[in-house]
Amino acid sequence: MKRVLTVQDVSCLGKCSLTIALPVISALGSETVILPTAVLSTHTMFKNFTCLDLSDQLGPITEHWKSEGVRFDAIYTGYLGTAEQIDMMKKLFSDFRGDGTVVFVDPVMADNGKLYPAFDLAYAKKNSELCACADIIVPNITEAAFMTDMPYREEYGEDYIKEMLSRLAELGAKISVLTGVSLSAGKTGVMGFDKETGEYYVYQNDRVPASYHGTGDLFSSACVGCIMRGIDWRDAMRIAADYTARTIEITLQNPAKPWYGVDFEKTLPELIKTAEQAS
Ligand code: PXL
C-alpha cells in the first residue's frame, strides 16, 4: 500500500485541510500519515477562531519517524501557518524524499484576489520557495499571482494563464497546475504545464454557481489519492476537478447544508468508483 504524508492544519470544525485530506486519501486506498501544523477551533473564515501553533512538535515528530526508517510515496503540503513552517517543510522534503517520492505542494494562502486573514505578503513570497522544491504544484490564480508578481485578474485569456504557468515553472516544479481557470463563459477547471515535455493540459467543466471553503483541499486530496493509484497526473486532475464540481452540486441540493464546507462525504463513493475504473 502506498503511504502518503500530508502536512496541514487541523481545523476541528470546518471541513478543510486535514479533515478532508485524511478521509479522501484513505478512501482512495493509501495509508495516510498526518502531520498537523496547528490546531484551530474552526477554519479562519469563522470569527473568533482559536489557534495553537504546533511548530515546536514538527521536529520531534519527524525525528522519531526518521529513527523508525519511515518512507513516504508522496508528501502533500496544504495550509501551513508561518514562514518558519515553510522552512521546516523544505527540510522535511530533503529528509524524507526517496526514489519516486512525489512532492505535491498546494500553496494554500489566498483566493479571489485576497490573502487569507492569517497571512501577509512576505508569507506569500515565501511560498514560492516551497513550490520550488515540489514535483507538482497546484496554486489557484490568486496564489500564483502573488508568487509570480503578476497582477491578479478576474477576466483574462489563455495568454495570461500561459504566462503565469511559465513563471510558475521557472520557480522549479516539474508540473505546474493552475486551478480555478475559466477559459470560456460558464466553464471552470484547470490548466497545467509539464516543464520537461513543454506540454499543456487543459480541462474545463461546467461552473457550478457557488464557492465553498475546503474545495481546494478536496481537489488536491483527490489528485494525490489518484496519483498514488498510478493514474496519470492529467487524468488525476480531471477526476479531481469533476469530483469537486459534483460535490458542490450535491451540496447545493442539501437544504440543511452548512455554510462552511461541502458534503464530500456523500460523493466519496462515486470518487472511489471513478478512481478504480481509471486505475
Ligand atoms: O481550505 C483552506 C484552509 C485550510 N485551513 C484553514 C483555513 C483555510 C481557508 O480558509 O482557514 C485554517
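A polar contact of 2.5 Å joins the side chains of Glu-129 and Lys-90; a polar contact is a pair of N or O atoms within 3.5 Å, where within protein one must be able to donate a hydrogen and the other to accept it, and residues adjacent in sequence count only if both atoms are side-chain atoms. The model is predicted: local features need pLDDT of at least 70 and side-chain atom pairs count only at pLDDT 80 or more, while totals for chains, interfaces and linings use all residues. Residues are numbered from 1 along each chain as its sequence is written, and side-chain values use heavy atoms, with hydrogens and water left out.

Glu-129 lies in helix H4; helices (H or I, at least four residues) and strands (E, at least two) are DSSP runs, numbered from the N terminus. Glu-129 counts as partly exposed because its relative accessibility is 32%. Buried means under 20% relative accessible area, exposed over 50%, and partly exposed in between (1.4 Å probe, protein chains only). Leaving aside residues up to four places away in sequence, Glu-129 touches Asp-87 and Lys-90, a contact being heavy atoms within 4.5 Å. Glu-129 and Gly-172 are 43 residues apart in sequence, with 8.9 Å from C-alpha to C-alpha.

Helix H5 (residues 141–148) is largely enclosed by the rest of the structure, because seven of its eight residues are buried. Among the buried residues of H5 are Ile-141, Glu-143 and Met-147. The buried residues of H5 pack against strands S6 (110–111), S7 (114–115) and S9 (175–181), and against helices H4 (121–132) and H6. At the N-terminal end, Asn-140 caps H5, with a side-chain oxygen 3.1 Å from the backbone nitrogen of Thr-142. Just after H5, Asp-149 takes a positive phi of about 60°.

The largest nonpolar core has 44 residues, and Leu-5, Ile-161 and Leu-178 have the most contacts inside it. Such a core is a set of buried Ala, Val, Leu, Ile, Met, Phe, Trp, Tyr and Cys residues joined through side-chain atoms within 4.5 Å. Helix H6 (residues 158–171) gives the largest share of this core, six residues. Apart from this core lies another, of 42 residues, including Val-177, Phe-219, Phe-264 and Leu-268. Not counting residues up to four places away in sequence, Ile-161 touches Ile-141, Tyr-156, Leu-178, Val-181, Leu-183 and Met-191.

The whole structure holds twelve aromatic pairs. Rings of Phe, Tyr and Trp (its six-membered ring) pair if their centres lie within 6.5 Å; planes under 30 degrees apart count as stacked, over 60 as edge-to-face and the rest as tilted. Trp-65 and Phe-72 form an edge-to-face pair, 5.8 Å centre to centre with 75° between the planes, and both residues are buried. Trp-65 also pairs edge-to-face with Phe-96, at 6.4 Å and 80°. This second pair links helix H2 (residues 55–67), which holds Trp-65, to helix H3 (residues 83–96), which holds Phe-96, 31 residues apart. Ring pairs also join Phe-46, Trp-259 and Tyr-260 into a cluster.

The ligand is surrounded by 13 residues, the closest being Asp-9, Ser-11, Thr-44, Met-45 and Asp-217; a residue is near a molecule or strand if one of its heavy atoms lies within 4 Å of it.

| Residue | Ligand atom | Distance |
|---|---|---|
| Asp-9 | nitrogen | 2.8 Å |
| Thr-44 | oxygen | 2.6 Å |
| Asp-217 | oxygen | 2.6 Å |

The protein covers 97% of the 310 Å² of accessible area that the ligand has on its own. Accessible areas come from the Shrake-Rupley method with a 1.4 Å probe; for residues, only the protein chains shown count as cover.
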